[in-house]
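Hi everyone, thanks for coming. Let me put the sequence and the model up on the screen, and then I'll talk you through it.

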Amino acid sequence: LSLQNARLVALCGAGGKTSLLYALGREWAAKKEKVALTTSTHIQAELSGGCVLWDRPDEGDLLSIWRAGFTPVAGRPLSEGKLKGPSDEMWAILREAADRIVVEADGAACHPVKWPAVWEPVIPQYTDRVLVLSGLSALDRPLQQVCHRADLALEKGVLPDGPLTEDGFAAAPREADARAARIREKMRRLW
């Protein structure tokens, strides 16, 4: 994945983002790196397996979580165990204190494939690496069942209505990657 020098990794698309978020968190925490997990949209917080919630802009609390051997899941609580992304103040603390930040930068409503809306993905400023995911379980299944925002893909005439083919499967991540590249280029000009 070429992540050895990436401090801020954004995960986009569908089909495995949350699993990869927590897997990268476990891997880097095992190497004694100060890793934080978060979202730029909304996420279901899985506070187990060494993960604890960091929900207020207090650097001392954040450092205490790492010293205790835990991985912070940063965000502001919503209902039903969900979090929305950190406040600007929390982001500033994370960027200063963390060795690594992994961000779920897209939602897919538990579908294995996603066609992004015009405002997606939500790539945080200072992102070093963007990974776009899709789940192979979508292949040969009806598009409407496996694709988040299938109506947008059908509107554009990019994906056929019917079973998702290999070509169709590859189209959605390409679109998300192209949008992410445009967003990163705009951010580079701002930095």
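Predicted model: local features only at pLDDT ≥ 70, side-chain atom pairs only at ≥ 80, totals over all residues.

Residues are numbered from 1 along each chain as its sequence is written, and side-chain values use heavy atoms, with hydrogens and water left out.

Okay, the inside. When I say nonpolar core, I mean a set of buried Ala, Val, Leu, Ile, Met, Phe, Trp, Tyr and Cys residues joined through side-chain atoms within 4.5 Å. Buried is under 20% relative accessible area, exposed is over 50%, and partly exposed is in between, using a 1.4 Å probe and protein chains only. Helices (H or I, at least four residues) and strands (E, at least two) are DSSP runs, numbered from the N terminus.

Which residues have the most contacts inside the largest nonpolar core? They are Trp54, Leu62, Leu94, Ile101 and Ile123, in a core of 21 residues. Strand S1 (8-13), helix H2 (59-67), helix H3 (88-97) and strand S8 (100-104) each give at least two residues to this core. H3 supplies the largest share, with five residues. Take Leu62: leaving out residues up to four places away in sequence, Leu62 touches Trp54, Pro72, Ile93, Leu94 and Ala97, where contact means heavy atoms within 4.5 Å. There's also a second, separate core of 19 residues, and among its members are Leu3, Ala45, Val73 and Leu133.

Ala45 sits in the loop between S3 and S4. It counts as buried because its relative accessible area is 19%. Its contacts, again skipping residues up to four places away, are Tyr22, Gly81 and Leu83.

Now the strands. Strands of a sheet pair through backbone hydrogen bonds, either parallel or antiparallel. Here, two strands pair if DSSP finds at least two bridges between them. Strand S5 (residues 71-74) runs parallel to strand S2 (residues 35-39), joined by two bridges, and Thr38 has Ala74 as its bridge partner in S5. S5 is also parallel to strand S4 (residues 51-54), this time with four bridges, and Val52 is partnered with Pro72. Going from S4 to S5, the chain passes through H2, and this β-α-β crossover is right-handed. That means that, with the strands pointing away from the viewer, the path from the first strand over the helix to the second runs clockwise.

Which way do the S5 residues point? Thr71 and Val73 go one way, Pro72 and Ala74 go the other, and all are buried.

Three bridges join S3 to S7 (residues 82-84), and one of them pairs Ile43 with Leu83.

Next, charges over rings. I count one if NZ of Lys or CZ of Arg is within 6 Å of the ring centre and within 35 degrees of the ring normal. Arg95 lies over the face of Tyr126, 3.6 Å from the ring centre. Arg100 has its charged end over the ring of Trp28, at 4.0 Å from the centre.

Last stop, the backbone. Most residues other than glycine have a negative phi, and most peptide bonds are trans. What kind of peptide bond joins Glu120 and Pro121? It's cis, with omega about -5 degrees. Pro121 is in the loop between S9 and S10. Then there's Glu80, which isn't a glycine but has a positive phi of about 55 degrees. Glu80 is in the loop between S6 and S7, and it is exposed, at 71% relative accessible area. Arg149 has a positive phi too, about 70 degrees, and it is partly exposed at 24%.
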